[in-house]
Amino acid sequence: MSTALHSSKRFMRPPPQYAHDWFAPLRSCDVVAGKITNFSFMGHELIAFRDAAGKPVVLDATCPHFGAHRGVGGRVVQGCVRCPFHGLYFDRGGQCIKGDFVADPKNLRHVKSVPWTVHEAATSIFIWHGPDRERPARPLRFAEPGFFDGWSPPVTNAGRRLAPTNLFFPTENIIDVQHFYAVHHWGLDDIRQQPAEVADGSFSAVMRMTWTAGAQSPSALIRRLGRVYKSSFDFHISILGPGMALSISRLDPEQGSLELMNIILITPLNPTDCQIRVVSAVKRSFAAWDQSPLAMASTSLKKSSSRT
Ligand code: FES
Ligand SMILES: [Fe+2]
């Protein structure tokens with residue numbers, strides 16, 4: 001009889017792909033005034049558009065009237081989406097407010113889809129995914145007042161698909177110490193704070209790294225030439241939630257005291273695929289490390305968690 005010690009059987013339950021938190025499947029530039037953007041998020045087919053005030057709106061693609069896809073043939077009219085099937089109009093709250101062939105809009109009160117809660121910040125459109133679409137259980141960290149004070153306006157890359165993967169695999173990899181030199185070829189000079197949960201509830205580490213120019217290039221020549229330039233920096237990485245991380249890299253004073261902020265955003269699209277995107281900002285700072293934006297973010301996180 002096999003014992004637990006000698007058993008060859010293994011079992012691991014994969015973590016849930018559809019976690020509860022804020023996620024940013026879209027960039028701000030993906031949602032253009034007057035147009036409908038179709039996208040997938042957490043296994044849902046959704047549409048995004050901008051209302052009359054320019055604020056982003058996210059609704060289910062499926063029309064609550066008779067189930068047409070509102071993003072296929074639909075139009076944005078005066079900040080509402082017009083379903084192409086029967087010409088009903090839906091506002092930012094998902095409420096049907098009028099119809100091309102409906103004399104009395106009161107008859108449409110029951111036609112509504114529950115809207116998704118949206119927040120535009122960090123050149124991204126964040127959506128709350130939780131048990132209640134309309135009541136986020138926690139605030140969005142990057143929307144805290146002053147979060148980007150002193151930083152350049154954030155910019156984002158287009159992102160890329162991670163397929164197949166589970167949300168928690170790339171999230172955990174972000175703070176995996178070994179991958180910094182195995183994947184990025186950074187020299188790991190010192191671990192000043194081992195990866196651990198810290199007071200603000202994030203999972204953080206602080207390291208001293210050395211970056212070598214061209215080290216990730218596929219070209220052997222560039223890798224060899226790049227070895228003549230190395231640069232040390234302090235690296236503070238924090239996992240803020242499933243699919244959400246914040247890193248601050250600080251160059252030494254002789255390298256201009258530049259700081260680089262990277263917000264790493266991983267979003268599940270469907271049961272097997274995720275998308276990863278990075279939002280970046282820079283600043284020149286002479287502040288002590290404990291006055292960094294990461295510390296500021298931690299402080300605001302503490303405040304916000306004491307409020308909830
Ligand atoms: S299905 Fe959308 S208006 Fe009827
Ligand atoms: Fe990495």
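Colleague: In what order do the 4 strands of the open sheet come?
Modeller: The order is 5-6-7-8, and the pairing is antiparallel. Keep in mind that this is a predicted model.

Colleague: Which are the edge strands?
Modeller: Strand 5 (75-77) and strand 8 (96-99). Each of them pairs on one side only.

Colleague: By how many degrees are neighbouring strands of this sheet turned against each other?
Modeller: On average 35 degrees, with direction ignored.

Colleague: How many bridges join strand 5 to strand 6?
Modeller: There are 3, and the two strands run antiparallel. Strand 6 covers residues 80-82. Val81 in strand 6 is the bridge partner of Val76.

Colleague: New topic. Which residues have the most contacts inside the largest nonpolar core?
Modeller: Leu46, Ala48 and Val81. That core has 59 residues.

Colleague: Where does this core lie?
Modeller: Between domain 1 (21-129) and domain 2 (154-307), because both give residues to it.

Colleague: What does Ala48 touch?
Modeller: Skip residues up to four places away in sequence, and its contacts include Leu26, Phe39, Val58 and Ile125. Val58, in strand 4, is also the bridge partner of Ala48.

Colleague: How many bridges join strand 2 to strand 3?
Modeller: 5, and these strands run antiparallel. Strand 2 is residues 37-41. One pair of bridge partners is Ser40 and Glu45, the latter in strand 3. Strands 2 and 3 form a hairpin with 2 residues between them. In that turn, Met42 has a positive phi of about 55 degrees.

Colleague: And what do strand 3 and strand 4 form?
Modeller: A hairpin too, with 5 residues between them. Gly54 in the turn has a positive phi of about 85 degrees. Strand 4 is residues 56-60, and it pairs with strand 3 in the antiparallel sense over 5 bridges.

Colleague: Last one, Val57 in strand 4. Why does Val57 count as buried?
Modeller: It has 24 C-beta neighbours inside 10 Å, and the cut-off for buried is 20 or more. Apart from neighbours within four places in sequence, Val57 is in contact with residues including Phe49, Arg92 and Val118.

Colleague: How many residues apart along the chain are Val57 and Gly93?
Modeller: 36, yet their C-alpha atoms are separated by 8.2 Å.

Conventions: Residues are numbered from 1 along each chain as its sequence is written. Chains are lettered from A and ligands numbered from 1 in the order in which they are written. This is a predicted model: local features need pLDDT of at least 70, side-chain atom pairs count only at pLDDT 80 or more; totals for chains, interfaces and linings use all residues. Two strands pair if DSSP finds at least two bridges between them. Axes are lines fitted to C-alpha atoms, for helices over the stretch in contact, and angles run from 0 to 180 degrees between N-to-C directions. A nonpolar core is a set of buried Ala, Val, Leu, Ile, Met, Phe, Trp, Tyr and Cys residues joined through C-beta atoms within 7 Å. A residue is buried if 20 or more other C-beta atoms lie within 10 Å of its own, exposed if 12 or fewer, and partly exposed in between; C-beta atoms are placed from the backbone. Domain bounds come from an automatic or database domain assignment. Two residues are in contact if their C-beta atoms, placed from the backbone, lie within 7 Å.
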